[in-house]
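Thanks for coming. I have one chain to go through today, and I will take it element by element. Please have a look at the sequence and the model first.

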Amino acid sequence: MINNQRLLAFTSITLLLLIFTSCRTARFLNEDQALVDHVDIHGVKPELKETTSLYISNEIKVNSRVNLFIYNLFNTKDGKYKKRNIRNVGEAPHLLDSGLVDLSATQIKRFLFTKGYFGASVTPEIAVKKKRATIHFNVTQGDPYYMSKITYNFADPIVADLYKKEVKPATVIKEGDQYDAVNLITEREKLYMAMRDHGYFDYIRQYMRVAVDSMSKKNQLNLEVQVENPSDSTKHQAYTIDNIFVTIRNFGTAKKEIKQTFDSINKIHFTDETNNFRLKPLTRYMYIKSGNPYNLTKENLSYDRLYEMNGFRSVKIHYQKTDSNKLDAFYEMVPRPLMGNQIEGEFTLSSGMSGFNIGNTFSHRNIFGGANYWK
């Protein structure tokens, strides 16, 4: 009970000290400076207000009182802020900067534009009293625009067919919905993944563009989704995986013998510079395989599973074109040490009592003598 009362008293005193110190911050400033004391946005719909506030520069947002207190504690002397030997602790006071206020207003307007409020305006208002600044961003949103008609223009009919089958059934851009640039980006990302998962190794997001026409009736838009061909071709090229090259690198002590094998069935060339690994267990986690189309999702899955084995500290997958429609895939992996020893420290504070614990973790990645991927 006594300890709880002491903790409550300590917490109360600390909070009062923080409030008192933050209130005194203004006296450390020059006459032409003002501490940002309050920032608010008016005129934005409640569901957009939190996101809109992210476009206000952090340097003109209100300081954390705790961090400002710590900064003041170490960086003030004789009633002024130090100009030398400044400690990099806490958070420096956020001072009024009219340039950043105007920039934030512009960023807020651009954000609202992406949400379909093409006629939005943002007017900042600044009030300064006793070296303390209050900033209000007054927003006039206006009415949003809606997508009246959506058309499609694909230079490659194969891409058009893939879009129709893989993307269109779950499209996030629909006629009648409010315009939202995020949905257009999502649509572009879905097409990108669909193309890359069907072998289109060279496909990039920039091939898809959206033309917006706002010249129709009031607050209505016509959209045209366009997907272009490569500048040097009349179509997009799909690629198939040919040979697989797997290399286990050894940046430690070199061994006399480097193990090299070739799996003719799966067309895998295996080089183990450590002479510690077996190919067959590794292939369970290698989803890029010979004879299959290039597939970005399977590439990412290979990364995830190979790292989850906890046997490699580095995994790289890259490709090399060998023909007009074939790729060789290269897995390059750097193993972790066979044995590891980790020491961790922990400081604890409970019921007024403190302590320091030290733990030691030992790991052996071949403890089962080859039951998994080690030789």
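At what angle do helix H2 and H4 pack, and how far apart are their axes? The angle is about 135° and the axes are 10 Å apart, with H2 covering residues 46-53. Axes here are lines fitted to C-alpha atoms, for helices over the stretch in contact, and angles run from 0 to 180 degrees between N-to-C directions. Helices are DSSP runs of H or I with at least four residues, strands are runs of E with at least two, and both are numbered from the N terminus.

Before going on, the conventions. This is a predicted model, where local features need pLDDT of at least 70, side-chain atom pairs count only at pLDDT 80 or more, and totals for chains, interfaces and linings use all residues. Residues are numbered from 1 along each chain as its sequence is written, and side-chain values use heavy atoms, with hydrogens and water left out.

Back to the pair. H2 and H4 are oblique to each other; the scheme counts angles under 35 degrees as roughly parallel, over 145 as roughly antiparallel, 65 to 115 as roughly perpendicular and the rest as oblique. The crossing of H2 past H4 is right-handed. A crossing is called right-handed if the near helix is turned clockwise from the far one by less than a right angle, and left-handed if anticlockwise. On the H2 side the residues are Leu48, Thr51 and Thr52, and they meet Ile108, Phe111 and Leu112 in H4. By type, the residues of this contact are four nonpolar, two polar and no charged. Contact means heavy atoms within 4.5 Å.

H5 contributes Val159, Leu162, Tyr163, Glu166 and Val167 to the contact, and H6 contributes Glu187, Lys190, Leu191, Ala194 and Met195. That contact divides into seven nonpolar residues, no polar and three charged.

What lies in the loop between H5 and H6? Glu175 is found there. Leaving aside neighbours within four places in sequence, Glu175 is in contact with Met147, Ser148, Lys149 and Ile150. With Ile150, a polar atom of the Glu175 side chain lies 3.1 Å from the backbone nitrogen. A polar contact is a pair of N or O atoms within 3.5 Å; within protein, one must be able to donate a hydrogen and the other to accept it, and residues adjacent in sequence count only if both atoms are side-chain atoms.

Next, two residues that share some partners. His94 lies in the loop between strand S3 (80-81) and helix H4 (98-114). Is His94 buried or exposed? It is buried, because its relative accessible area is 13%, and buried means under 20%, exposed over 50%, partly exposed in between, with a 1.4 Å probe and protein chains only. A polar atom of the His94 side chain lies 2.5 Å from the backbone oxygen of Lys61. Not counting residues up to four places away in sequence, His94 touches residues including Ala34, Leu35 and Val36.

Ala133, in strand S5 (residues 132-140), is in contact with residues including Ala34, Leu35, Val36 and Leu96, again leaving aside neighbours within four places. Ala133 and Leu35 are 98 residues apart in sequence and 5.8 Å apart in space, C-alpha to C-alpha. Ala133 counts as buried, at 0% relative accessibility.

Now backbone angles. Most residues other than glycine have a negative phi. Lys130 has a positive phi, near 55°, and lies in the loop between strand S4 (121-129) and S5. Asn275 has a positive phi near 60°, in the loop between strand S11 (268-272) and helix H7 (279-283). Lys130 is exposed at 73% relative accessible area, whereas Asn275 is buried at 14%.

Last, the totals. The protein chain has eight helices and 15 strands, and buried residues make up 34% of its 375 residues. Of contacts between residues at least 6 apart in sequence, 61% join residues at least 24 apart.

How values were computed. Ala, Val, Leu, Ile, Met, Phe, Trp, Tyr, Cys and Pro count as nonpolar, Asp, Glu, Lys and Arg as charged, and the others, Gly among them, as polar.
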